[in-house]
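Dear colleague,

I am handing over the structure we spoke about, with its sequence alongside. Please look through it first, and then read the notes below it.

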Amino acid sequence: MTPAKRFADIELSLIRQINALATPLCINLGIGEPNVEPDENLRKLAVEAAANGSWHYTPNPGTLSLRKLIAADSGFEPNEVCVTAGTEEALFSIFQAYVDPGDEVLVPNPGFLAYATLARIAGATPVTYDLEPPDWRADVDALLKKITRKTKLIVVNSPSNPLGSVIDRATLQAIAGAGPLVVSDEVYSEIWYDAPPPSMLGLSENVIVVGGMSKSHAMTGLRLGWAIAAEAVMKPIVTAHQYIATCASSFSQSLAEAILMRPDWNRSWLEKIRAQFGRQRDAALSAIASELEVDLAPPAGAFYAFVPVPACDTVTVAKTLAADAAVLVIPGVAFGSLGEGFVRISYAASVDDINHGIGQIGRWLRAAGR
Ligand SMILES: Cc1ncc(COP(=O)(O)O)c(C=O)c1O
């Protein structure tokens with residue numbers, strides 16, 4: 001059996017490969033999902049959604065009632081929203097709807113690895129634009145110079161996985177006005193510390209914003225995401241989504257609707273999880289300073305610290321840390337060539353695990369003479 005050519009050079013991501021090394025004793029700082037469990041109220045809403053909500057197909061782009069809530073106050077209409085099976089499916093639908101073989105897709109380096117892979121699956125060439133340490137800013141002029149006749153999409157991700165950085169409004173505006181279609185992945189938009197990150201929503205007719213409830217409501221397994229874009233841009237995305245997923249889970253849609261219908265409760269939930277991630281961020285930063293001797297600028301969003309390590313091959317470092325120090329971190333090169341020399345430490349973990357895990361990394365580095 002020969003797999004389709006479009007999958008020939010596509011492997012399980014390095015993140016999956018490192019996670020496969022986990023043993024029950026490992027401290028997992030490689031994790032990409034919130035260490036948050038639903039509270040009593042969220043569970044109650046889920047029970048009600050299961051008991052009273054529909055179990056049938058919904059319209060392909062999602063129930064009108066949920067799309068109204070997602071569109072509320074955004075300046076967009078419900079028919080400019082498509083509810084998807086997670087943000088990942090929104091991205092897949094967009095790439096399938098817009099990217100042809102031979103096209104180019106501009107993706108951040110370092111950046112979430114799905115972007116380049118989705119471009120390749122569509123037969124296109126991912127072209128990277130650089131984000132450079134220490135603040136991981138995009139050089140807009142350099143990015144604009146990478147646009148060619150073949151550029152179909154520019155992918156932007158703020159707050160960033162793996163960097164925790166946030167892109168300023170002026171940069172977003174310049175990218176929105178560059179010409180090609182822009183996909184702004186805002187799945188971490190609710191996980192911020194000092195100030196909410198600027199959104200690309202409405203910055204131009206050719207911007208598609210994707211997001212969802214995986215990170216904000218610890219609903220990673222419920223697969224609830226969305227895309228928002230001007231009606232004409234949205235049309236082919238809904239068609240692609242129809243053939244990929246038909247519709248997002250009707251249960252998850254009912255639950256999302258119940259959450260968004262309770263803005264006061266939702267606000268307090270989001271404040272609570274931001275405060276939790278804030279405590280975990282502080283613990284991670286101080287352990288990184290004392291154990292790894294790195295003074296990292298505090299990440300402005302998401303729950304990742306991208307930390308330089310004194311070693312040239314961070315894949316070997318991450319594999320050895322998993323085997324010898326029982327700590328999982330993700331090698332930075334998993335996110336692109338500019339990630340080499342860094343590891344991604346996720347602080348979506350308890351303060352104990354953060355302290356213990358980073359302590360183990362420090363001890364291992366010292367024992368290895370690094
Ligand atoms: C930047 C980024 N985009 C999209 C996703 C996918 O999120 P979802 O669970 O909503 O599919 C992730 C998940 O880790 C992510 O980090």
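What follows is a short account of the ligand site and of one serine.

Please keep in mind throughout that this is a predicted model.

A polar side-chain atom of Asp 185 is placed 2.5 Å from a ligand nitrogen atom, while an N or O atom in the side chain of Asn 161 lies 2.8 Å from an oxygen atom of the ligand. For Tyr 188, an N or O atom of the side chain is likewise 2.8 Å from a ligand oxygen atom. On its own the ligand would expose 400 Å², and the protein buries 91% of that area.

The serine is Ser 216, which belongs to the loop that runs between strands β8 (207–212) and β9 (225–228). Is Ser 216 buried or exposed? Its relative accessible area is 4%, and because buried means under 20%, Ser 216 counts as buried. Its side chain makes a polar contact of 2.7 Å with the side chain of His 217. Once the neighbours within four places in sequence are set aside, the residues in contact with Ser 216 are Glu 190, Ile 191, Trp 269, Leu 270 and Ile 273.

Conventions
Residues numbered from 1 in each chain as written. Predicted model: local features only at pLDDT ≥ 70, side-chain atom pairs only at ≥ 80, totals over all residues. Heavy atoms only, no water. Helix = DSSP H or I, 4+ residues; strand = E, 2+ residues; numbered from the N terminus. Buried < 20%, exposed > 50% of the residue type's maximum accessible area, 1.4 Å probe, protein only. Polar contact = N/O pair within 3.5 Å; in protein donor to acceptor, adjacent residues only side chain to side chain. Contact = heavy atoms within 4.5 Å. Areas by Shrake-Rupley, 256 points an atom, 1.4 Å probe, with all protein chains shown as cover.
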